[in-house]
Amino acid sequence: MTGKVYLVGSGPGDPELLTVKARRLIDEADVVLHDKLPGPEILSSIPAEKREDVGKRAGGEWTPQEYTNKRLVELAEEGKTVVRLKGGDPFVFGRGGEEAEHLAENEIPFEYVPGVTSAIAGAGVAGIPVTHREHTSSVSFVTGHEDPTKDESAIDWTALAETGGTLVVLMGVGKLPLYTDELLAAGMDPETPVALVERATWPDQRVAVGTLETIVDVRDDADIEPPAITVIGGVAATRERVLAFLENEPDSRENTQ
């Protein structure tokens, strides 16, 4: 009898931000295929004998997506209940759509379980709302790590610069110089506030703030590394006004330039 696959979002990493459904499915699963982004606290709560690491890390080891797709089908065909555990939300730059299509093509029943996306939560825990009536009524989410097999980027940075809204870049620490240059060339104000939030909601969360013109140097001075999000826009400046009262700030260290 064919098993079932659950495409589950774990949120940004804080175990208390797992949904009730996600926690139940993880506990009931026969196998959990996970990447690195759920974070150490969530991953350590899963018995080692039912965890399979299919993670990808920038500049490091990685598991081909084709292998993960194949493994999901194999396990389901063995009759197992499988959780494919992803950081954030599976359908926000998490390749959940690709896996859903592969499962459907192989006639494997599956269910999508939403998670708290780091695109919003990562900014929020740093004291930055992605929308604010005094600053912007729109927000754009962009990946900083496109499919390397593409002939050219699908991201129109000039159009994004012209929208005037908040821009949140996920997985974009490594390519920060490239897209900040693109935005500057498109006419975005060099003094536009920018924040980098590393390991949002994890115990070792760090935040570095600067401007569009200075943020690359800020990143280098602070040694900000993935996973991290980049928040670009006037809302990034609101952090300074609330920081003294932000009680869910895991780490008070901050780099500013």
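Predicted model: local features only at pLDDT ≥ 70, side-chain atom pairs only at ≥ 80, totals over all residues.
A residue is called buried here when its relative accessible area is under 20%.

Helix H3 comprises residues 65-77. Its buried residues are Gln65, Thr68, Asn69, Arg71, Leu72, Val73, Leu75 and Ala76. Among the elements that cover these residues are strands E1 (4-9), E2 (31-34) and E3 (51-53), together with E4 and H4. The length of H3 can be checked against expectation: its 13 residues, at 1.5 Å a residue, should span 18 Å, and its end C-alpha atoms lie 19 Å apart, which agrees. Just beyond H3, glycine 79 adopts a positive phi of about 90 degrees.

Helix H4, one of the elements that cover H3, has buried residues of its own, namely Gly96, Glu99, Ala100 and Leu103. Just after H4, glutamate 107 has a positive phi of about 60 degrees.

The account now turns to aromatic side chains. How many aromatic pairs does a search of the whole structure find? The search finds two. One of them joins phenylalanine 91 and tyrosine 112, which are stacked, with 4.2 Å from centre to centre and 0 degrees between the planes. Because phenylalanine 91 belongs to the loop between strand E4 (81-86) and helix H4 (96-105), while tyrosine 112 belongs to strand E5 (residues 110-113), the pair ties together parts that are 21 residues apart in sequence. Phenylalanine 91 is partly exposed, its relative accessible area being 40%; tyrosine 112, at 30%, also counts as partly exposed.

Tryptophan 157 and tyrosine 179 form another stacked pair, at 5.1 Å centre to centre and with 10 degrees between the planes. This pair links distant parts of the chain, since tryptophan 157 is in helix H6 (residues 157-163) and tyrosine 179 in helix H7 (residues 176-185), 22 residues apart. Both tryptophan 157 and tyrosine 179 are buried.

Strand E7 (residues 166-170) comes next. Five of its five residues are buried, so the strand is largely enclosed by the rest of the structure. Thr166, Val168 and Leu170 point one way from E7, whereas Leu167 and Val169 point the other way. E7 pairs with strand E6 (residues 139-143) in the parallel sense, over five bridges, and valine 142 stands opposite valine 169 of E7. Four bridges also join E7 to strand E10 (residues 228-232), in an antiparallel arrangement. There, leucine 167 has isoleucine 232 of E10 as its bridge partner.

Glutamate 198 is located in strand E8 (residues 193-198). Is glutamate 198 buried or exposed? Its relative accessibility is 7%, and because buried means under 20%, glutamate 198 counts as buried. Its side chain reaches the backbone nitrogen of glutamate 225 at 3.0 Å. Apart from neighbours within four places in sequence, glutamate 198 is in contact with Gln205, Arg206, Asp223, Ile224, Glu225, Pro227 and Ala228.

Methods:
Residues numbered from 1 in each chain as written. Heavy atoms only, no water. Phe/Tyr/Trp six-rings, centres within 6.5 Å; stacked < 30°, edge-to-face > 60°. Helix = DSSP H or I, 4+ residues; strand = E, 2+ residues; numbered from the N terminus. Buried < 20%, exposed > 50% of the residue type's maximum accessible area, 1.4 Å probe, protein only. Pairing = 2+ DSSP bridges. Expected span 1.5 Å × (residues − 1). Contact = heavy atoms within 4.5 Å. Polar contact = N/O pair within 3.5 Å; in protein donor to acceptor, adjacent residues only side chain to side chain.
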